[in-house]
Amino acid sequence: MSIKAVIFDLDGTLLDTLGDLTSAVNTALRRHDFPLLSEADVCARVGNGVRKLLERSVPAGTARPVVDACLAEFQAQYEEHLVERTHPYPGIPPVIDAMRSRGVRMAVLSNKYHAATSRLIAHYFPGAMAVTLGERAGVPRKPDPTSTLEILTMLDVKPSEVLYVGDSDVDMHTAKAAGVTAVGALWGFRDRDSLLAAGADHIVERPEDLVQLLDRLQLDAAMHAFEMNGFTWTFCATAEQAADYVASQCRGKTVGMGGSMTLDRLGIYDLLKDSADVHWHWKGDALISSGDVFLTSANAVSAMGETVNIDGLGNRITASVYGFDTCYVVCGINKLTPDLTSAMRRAREIAAPLNAKRLAKRTPCAVDGKCHDCHSPERICRAMTVVMAPPSGMKHYEIVLVGEDLGY
Ligand code: SF4
């Protein structure tokens, strides 16, 4: 089963909010002459919403009206100083970019009140989250699974297709209650033992480990799906290994190459030019439409076992399904998406704008990086192929997936 969505906790997972939380708590405590707290003290008290945070911060036995006053003072101060000392944990922004590039949808679920949660996400991760939910009146807080299940419905995904990433026992309990995979993050407020005790299925020490975990799960699904669809499947850990492998399959043969930043990065043309009859229009050679081997990349490969390519001229997508005996599709792991829908979305919304920019096309996407479904004379999206199984006129069709980010 591929992973289609990741739900993140906020405080202690995406954002280090302790500085602003501590300032706001201490503003309330100071007004009542209560002892002030350190960031470590506040860290030990968070995780169950702001009322619980204040209840745990005032001296034992404080009357409820005083707690209510502290809560109001905390909220007023926090509203005003929400984004002063708060910052994403180091390594989180690249993780968000990697998830987006891989076509995985993202959501945030926090026990922080909804208005503050929404403001923080809009400020630090604009446009990245498909759904953001904080604590809302009448909806039970985490670890109750109600809001998690609501997000699953909004994203139209099954529990088995979701990772829930959080730094606390509350998050792990929430994930287990909703039936989704619980991933414990060690850079936040709690330690490994408490996360494992609360039911974490996976532990990640650094934010970048999350991407590796996702890739590992996606690879397992993709390998099985491509084999079921009749493709040959090869995984190479590095670009160098992939270049050597692909070159070894092409020596002594007539080879055509499709336009591809990935093939360029691999240096395939130079590896083959003295040992194969290789033709690449990027090097000034004439296009060929038949031969022994066609080499190409794809704009996306889906973990359900399909490849997706967009083309302007049409030579690359034609040769990838007709005219050659064999086709090798070489792709970086950044192009492995959960399913066909996300693969097609990736081709159109990520790969095509980047290629339009590289080619200095006069299209709106080359300016702002977003697809506008344009009718520009220089539009590069003119045909799209989805290869669902090896075309019957070809003897061999192989997907070579590389464990590095390559191309667009
Ligand atoms: S349709 Fe136009 S705007 Fe959209 S990605 Fe293609 S070239 Fe860019």
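Aspartate 156 lies in the loop that joins helix 7 to strand 6 (162–166), where helices (H or I, at least four residues) and strands (E, at least two) are DSSP runs numbered from the N terminus. The model is a predicted one, in which local features need pLDDT of at least 70 and side-chain atom pairs count only at pLDDT 80 or more, while totals for chains, interfaces and linings use all residues. Residues are numbered from 1 along each chain as its sequence is written.

Although aspartate 156 is not a glycine, its phi is positive, at about 55°. Aspartate 156 is exposed, with 11 other C-beta atoms within 10 Å; here a residue is termed buried if 20 or more other C-beta atoms lie within 10 Å of its own, exposed if 12 or fewer, and partly exposed in between, with C-beta atoms placed from the backbone.

A positive phi, near 60°, is also found for aspartate 33, a residue other than glycine. Aspartate 33 is located in the loop between helix 1 (18–31) and helix 2 (39–45), and it counts as exposed because it has 6 C-beta neighbours inside 10 Å.

A cis peptide bond, with omega near 15°, links lysine 142 to proline 143, and proline 143 is found in the loop between strand 5 (131–135) and helix 7 (146–155).
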